[in-house]
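This briefing is set out for a reader who has the sequence and the model at hand. The points that follow are grouped by topic.

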Amino acid sequence: MNEKSQEVLLAEFDARVARGEKIEPGDWMPADYRKELIRMISQHAHSEIVGQLPEGQWIPFAPGFRRKLTLVAKVQDEAGHGQLLYTAAETLGKSREAMMDELLTGKAKYANVFNYPTPTWADVGIIGWLVDTSAVINQTMLAQSSYGPYARAMKRICYEEAFHIKQGYDSIVALAKGTPEQRAMVQDSINRWWYPTLMMSGPPTKLSEHTERSMKWKIKTKTNEQVRQEFINLIVPQIRALGFEVPDPDCKLNAQTGHFEYTQPDWNELKRVVNGDGPCNKERLDTRRKAHEDGMWVREALAVANKKAAA
Amino acid sequence: MLLEVPTDIPKEALQRLLVALADDELVLGHRDSEWTGHSPILEEDIAFSNIAQDEIGHALLWFTINEQLGGKSPDWMGFERNWKHFTCCHFTAFPKGDFAYTVVRQYLFDVGEQVRLKNLSTSSFPPLKEAAEKIIMEEGYHLMHSQSLVERLGDATEESHKRMQAAIDTAFPQALGMFEELTGEDELVKAGVFSGNEPLKEQWLEIVVPALTSASLELPVEKKNGKFTIDAKAEEGGRKGWQKEHLKQLVEDLQTVYKMSPGGSW
Amino acid sequence: MDTQWETYEVFHQTKRGDPHVHVGAVHAPDPHMALQMARDQFARRMKCASIWVVRTKDVARTDYQDETFFAQILDKSYRDPKAFEAPDKGEH
């Protein structure tokens with residue numbers, strides 16, 4: 001095998017990415033690219049499994065057979081997505097145990113939107129409809145990722161997300177057709193979830209260290225602002241069509257640009273909440289930590305059972 | 001669409017059987033779904049969510065047949081009916097406990113389902129027969145899963161053995177309640193609807209006793225002259241609607257949102 | 001200590017006649033449980049005729065960096081069906 005210099009390897013790598021070719025496990029890659037991907041993919045995985053909790057806590061209370069079944073399926077998918085993503089990150093050389101450890105000790109970040117509480121049943125539908133719509137816009141882009149395993153995982157995930165959005169929207173439509181109390185529950189939920197959902201796409205480009213590098217290496221192909229604008233343009237008409245409103249009096253369609261104008265979320269709030277000072281951060285991590293610790297004897301026992309059987 | 005019941009099959013007893021089957025599935029499915037997001041490992045989280053969905057789906061199926069016989073709608077039965085009228089066995093309603101209790105309960109229930117559904121697959125009432133034939137496949141998968149876990153956890157480590165033994169000590173007498181006699185059962189047996197609970201219990205014992213014993217778990221059961229003697233008091237009462245506090249809490253949770261607008265737009 | 005179990009690569013066949021396709025991996029304590037985990041993770045929505053699982057450790061792979069492994073410089077189009085002109089029908 002030829003010994004190549006770092007410069008040549010990097011030039012070949014950049015050219016491969018620019019051609020739209022995928023990078024696969026075992027390919028030479030810059031250390032920064034590997035590091036950035038591990039961070040991004042594991043963060044995405046953490047978001048899925050932490051994301052099981054705000055909706056999962058409503059499974060015992062889901063109203064009626066159809067809603068109960070659908071919600072269990074949805075939250076199951078989130079575990080499934082976490083599983084797919086951790087597996088993709090593992091191909092970059094990091095163990096799932098190490099990634100989980102970072103999550104549970106507070107070292108790793110996850111989608112901030114899940115640090116908000118879900119005090120009403122309507123929140124379940126709103127998460128499925130608003131949060132997942134925003135996620136899908138982001139994820140459709142990520143499915144074009146230059147890293148093969150991540151792109152493949154994202155394709156599977158995007159397919160299942162279509163169900164998530166539909167079940168959320170369907171649940172809200174049912175509430176919209178219901179009693180005044182049910183409609184009020186929906187509006188209250190939108191009021192609380194609007195800005196946290198806008199924050200999902202991330203701060204405007206100037207403020208984000210990660211975006212520039214990610215865009216060069218086709219880890220991301222749209223800016224945060226582009227993703228957020230796409231989300232708003234899509235969702236505001238849907239919300240208004242059901243007779244609800246967004247908690248932003250300045251959210252108006254600009255006839256010339258064709259885009260909705262809107263008030264930026266409070267980016268200082270994002271910083272605060274991301275760094276642990278949100279309403280549910282502690283609760284979410286405590287819950288995941290407890291599940292991890294309570295399950296330790298099971299994981300250990302099953303690992304040993306295999307060795308016993310093999311002996 | 002109302003189903004016709006042959007004149008020799010007692011309709012009331014038949015509905016009682018269907019509702020008992022449905023209640024068991026709904027209540028255990030509800031308990032199993034409590035693990036979603038909390039399981040020991042991601043892969044188990046996905047597996048248990050599958051089991052929970054299947055069970056809740058089975059409850060829907062049994063309730064649907066009950067509705068076709070003139071009973072109330074599945075949503076009414078599950079989400080509006082008074083908890084005191086549920087006829088699930090107590091076993092299905094106890095809190096989920098630790099993973100050992102859940103796995104043991106699942107295993108004992110799954111074997112119970114296997115013997116029951118096998119029997120119902122020969123039922124003289126066609127809708128019951130067809131439903132049982134459909135469900136038995138999914139339940140077969142559940143059994144494979146719970147059996148795999150029991151076999152492994154039973155004697156893997158000192159801790160797993162301790163927990164599994166404690167789980168068996170608690171769950172075994174409770175599980176016997178699955179075979180509590182149903183009011184009007186004799187008539188159903190005469191009409192060929194099912195074999196009755198006693199034979200099912202015997203078949204269940206034939207399977208679980210050797211299986212658990214080979215997983216190094218002790219049971220309060222002896223086999224003498226081909227017959228089982230059990231040194232434990234069965235946890236019964238559920239089939240007669242004599243339910244306990246934990247079911248009250250479970251049903252309250254189950255019904256609280258739905259009751260905001262019962263029969264309404266959800 | 002790693003308590004997440006080792007990984008098994010999962011291959012999934014939609015129906016008889018189709019090839020098995022690599023769809024991902026599961027963490028499992030042994031092959032029997034790996035098959036079940038794979039079914040719940042990769043076959044809960046799609047039809048499936050068969051699943052194979054192989055310990056990740058047992059998969060031998062070619063090296064993307066090794067340019068010689070798949071190298072073919074000499075023109076071997078002589079063995080490509082497209083390299084032949086189809087004779088006109090009836091012409092000898």
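**A residue of chain C, and the basis of the model**

Phe69(C) is located in the segment after strand S3 (50-55) of chain C; helices (H or I, at least four residues) and strands (E, at least two) are DSSP runs, numbered from the N terminus. The model is a predicted one, in which local features need pLDDT of at least 70, side-chain atom pairs count only at pLDDT 80 or more, and totals for chains, interfaces and linings use all residues. Residues are numbered from 1 along each chain as its sequence is written, while chains are lettered from A and ligands numbered from 1 in the order in which they are written.

**Phe69(C) in its surroundings**

- Phe69(C) is exposed, as 10 other C-beta atoms lie within 10 Å; a residue is buried if 20 or more other C-beta atoms lie within 10 Å of its own, exposed if 12 or fewer, and partly exposed in between, with C-beta atoms placed from the backbone.
- Leaving aside residues up to four places away in sequence, Phe69(C) touches Thr62(C) and Asp63(C); two residues are in contact if their C-beta atoms, placed from the backbone, lie within 7 Å.
- Between Phe69(C) and Thr14(C) there are 31 Å in space, C-alpha to C-alpha, and the two are 55 residues apart in sequence.

**Chain C as a whole**

- Chain C contains one helix and three strands, and from the N terminus on its elements run β-β-α-β.
- Of the 92 residues of chain C, 26% are buried.
- Where contacts in chain C join residues at least 6 apart in sequence, 47% of them are between residues at least 24 apart.

**Positive phi values**

- Most residues other than glycine have a negative phi.
- Trp5(C), although not a glycine, has a positive phi of about 70 degrees.
- Trp5(C) is in the segment before strand S1 (6-13) of chain C, and it counts as buried because it has 22 C-beta neighbours inside 10 Å.
- Asn225(B), also not a glycine, has a positive phi of about 55 degrees.
- The loop between strand S1 (221-224) and strand S2 (227-230) of chain B holds Asn225(B), which counts as exposed because it has 5 C-beta neighbours inside 10 Å.

**Contact between chains B and C**

- Chain C brings 11 residues into contact with eight residues of chain B.
- On the side of chain C that touches chain B, strand S2 (21-28) and helix H1 (31-42) of chain C are the elements that give two or more residues.
- H1(C) provides the largest share of that side, six residues.
- By class, the residues of the side of chain C that touches chain B are four nonpolar, five polar and two charged; Ala, Val, Leu, Ile, Met, Phe, Trp, Tyr, Cys and Pro count as nonpolar, Asp, Glu, Lys and Arg as charged, and the others, Gly among them, as polar.

**Contact between chains A and B**

- This contact draws 39 residues from chain A and 42 residues from chain B.
- At least two residues of the side of chain A that touches chain B come from each of helix H2 (31-56), helix H3 (65-90), helix H6 (148-176), helix H7 (180-199) and helix H12 (296-310) of chain A.
- H3(A) gives the most to that side, with 12 residues.
- The side of chain A that touches chain B comprises 21 nonpolar, 11 polar and seven charged residues.

**Chain A: fold and dimensions**

- Chain A has 12 helices and two strands, in the order α-α-α-α-α-α-α-α-α-β-β-α-α-α along the sequence.
- The radius of gyration of chain A, taken over C-alpha atoms, is 21 Å, close to the 19 Å that the globule rule gives for 311 residues, so chain A is as compact as a globular protein of that length. The globule rule is 2.2 Å times the number of residues to the power 0.38.
- The C-alpha trace of chain A spans about 70 × 60 × 35 Å along its principal axes.
- Buried residues make up 44% of the 311 residues of chain A.

**Helix H5 of chain A**

- H5(A) bends by about 30 degrees at Asp132(A), the bend at a residue being the angle between axes fitted to the seven residues ending there and the seven starting there.
- H5(A) is mostly covered, with 17 of its 21 residues buried.

**Confidence in chain A**

- The average pLDDT of chain A is 91, and 95% of the residues score at least 70; pLDDT is the predictor's confidence in each residue, from 0 to 100.
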